[in-house]
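Hello,

Here is the structure we talked about. Please open it and keep it beside you while you read my notes.

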Amino acid sequence: MDALKASYGDGSSDSDSDSAPSIPTYAPSAVFTPLPPPPIGLLDPPKFLGILHLQIGQTTRVRSFPHVDGNYALHVYIPINISSPSKKELTAFLKKVSSREPNLNVVDVDVPLNSLCQNDEKVKQVALGREFHISLGRTVPIRVHQIDSVVSMLRQKLQIQRQYQIDFNKWEVFVNDDHTRTFLSLEVVQGGLVEITKQIEVVNTIYRLHNLPEFYKDPRPHISLAWALGDITHSLKKVVDEEMKCAVGKSLKKCIFSCKFKGIECKIGKKAYPICRLSDGQ
């Protein structure tokens with residue numbers, strides 16, 4: 001964990017020490033298409049990790065942009081929480097994949113996934129119990145004088161949103177640009193895709209007005225659950241595809257889990273800014 005914190009900053013500054021890891025890309029065979037980075041997430045492990053006596057591995061993170069004093073890492077995203085009923089099925093799948101690919105770690109807290117798999121509750125709490133993020137823009141550095149303008153425009157353009165259903169329909173494997181990390185993710189390919197794409201377009205417009213790099217063309221919204229060092233896309237994708245085919249009574253078109261869109265947030269440095277929030281009745 002010390003290494004994890006060191007790669008993003010020691011918490012003594014709100015500037016771009018909180019920058020994101022390398023940007024992942026989709027890896028279907030030999031073709032790599034840029035995709036949004038997995039969220040930075042919490043730099044400190046959840047409190048229950050101490051109770052479970054888990055050993056957190058020492059890892060090395062690579063900045064997606066160099067540290068510059070006065071820069072702050074900007075990340076715009078949809079918060080995602082996995083409901084308790086969905087965790088049972090996800091836990092079973094993660095355990096199967098981890099048994100065949102033992103090098104997987106939990107995203108953000110960097111706990112070896114197979115160290116949790118003897119206890120379903122540990123998988124649910126550590127691997128699935130945190131808040132996930134669907135990125136609506138690149139994680140980029142901005143200057144302090146841009147913060148108020150960016151937040152104000154995000155709220156102005158995105159404040160009025162209707163509730164919709166987000167369906168995670170597909171297990172997918174991604175790799176970062178320099179092929180140093182591989183990610184096991186859940187992708188949105190149907191329900192919610194149109195709405196999320198429109199929100200990405202709005203964020204792109206605001207980024208462009210502030211001379212910030214826009215999101216990737218043809219974005220594929222997803223959340224990442226686990227990662228492994230190096231490029232293991234071929235072996236991991238093979239395991240995932242085989243486990244999906246072997247799933248008893250499961251259709252490849254079935255939604256893996258769904259959740260309601262509840263709002264958009266923006267994190268700048270270590271501070272979170274609510275952009276829009278929806279109640280259950282909206």
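Which residues have the most contacts inside the largest nonpolar core? Bear in mind that this is a predicted model. The core has 67 residues. Those with the most contacts inside it are L74, I78, I80, I166, F168 and W171. Helix α5, residues 147–158, gives the most to this core. Its share is six residues.

Now find W171. Its contacts include L90, F93 and L94. It also touches L184, S185, L186, L225, V240, M244 and I256. That list leaves out residues up to four places away in sequence.

Next, the aromatic rings. The structure holds four aromatic pairs. One of them joins F93 and W171, and it is stacked. The ring centres are 4.4 Å apart, with 20° between the planes. F93 lies in helix α3 (residues 84–100), while W171 is in strand β7 (residues 165–176), so the pair ties together parts that are 78 residues apart in sequence. Both F93 and W171 are buried.

A second pair to look at is F215 with Y216. Their ring centres are 5.6 Å apart and their planes meet at 45°, so this pair is tilted. Buried means under 20% relative accessible area. F215 has 7% relative accessibility, so it counts as buried. Y216 has 8%, so it counts as buried too.

One charged residue also sits by a ring. R181 lies over the face of W227, at 3.7 Å from the ring centre.

Last, helix α6, residues 193–209. How far apart should its ends be, at 1.5 Å a residue? Its 17 residues should span 24 Å, and the end C-alpha atoms are 25 Å apart, which agrees.

Which residues of α6 are buried? They are I196, Q199, I200, V203, N204, I206 and Y207. Seen down the helix axis, the buried residues of α6 fall within an arc of 165°, so they line one face. The spacing makes sense: an α-helix has 3.6 residues a turn, so residues three or four places apart point the same way. The face of α6 turned away from the buried side carries V194, K198 and L209, which are exposed. Just after α6, N211 takes a positive phi of about 60°.

Best wishes

Notes: Residues are numbered from 1 along each chain as its sequence is written. This is a predicted model: local features need pLDDT of at least 70, side-chain atom pairs count only at pLDDT 80 or more; totals for chains, interfaces and linings use all residues. Side-chain values use heavy atoms; hydrogens and water are left out. Helices (H or I, at least four residues) and strands (E, at least two) are DSSP runs, numbered from the N terminus. The expected span of a helix is 1.5 Å times one less than its number of residues. Buried means under 20% relative accessible area, exposed over 50%, partly exposed in between (1.4 Å probe, protein chains only). The arc is that of the directions from the helix axis to the C-beta atoms. A nonpolar core is a set of buried Ala, Val, Leu, Ile, Met, Phe, Trp, Tyr and Cys residues joined through side-chain atoms within 4.5 Å. Contact means heavy atoms within 4.5 Å. Rings of Phe, Tyr and Trp (its six-membered ring) pair if their centres lie within 6.5 Å; planes under 30 degrees apart count as stacked, over 60 as edge-to-face and the rest as tilted. A charge sits over a ring if NZ of Lys or CZ of Arg is within 6 Å of the ring centre and within 35 degrees of the ring normal.
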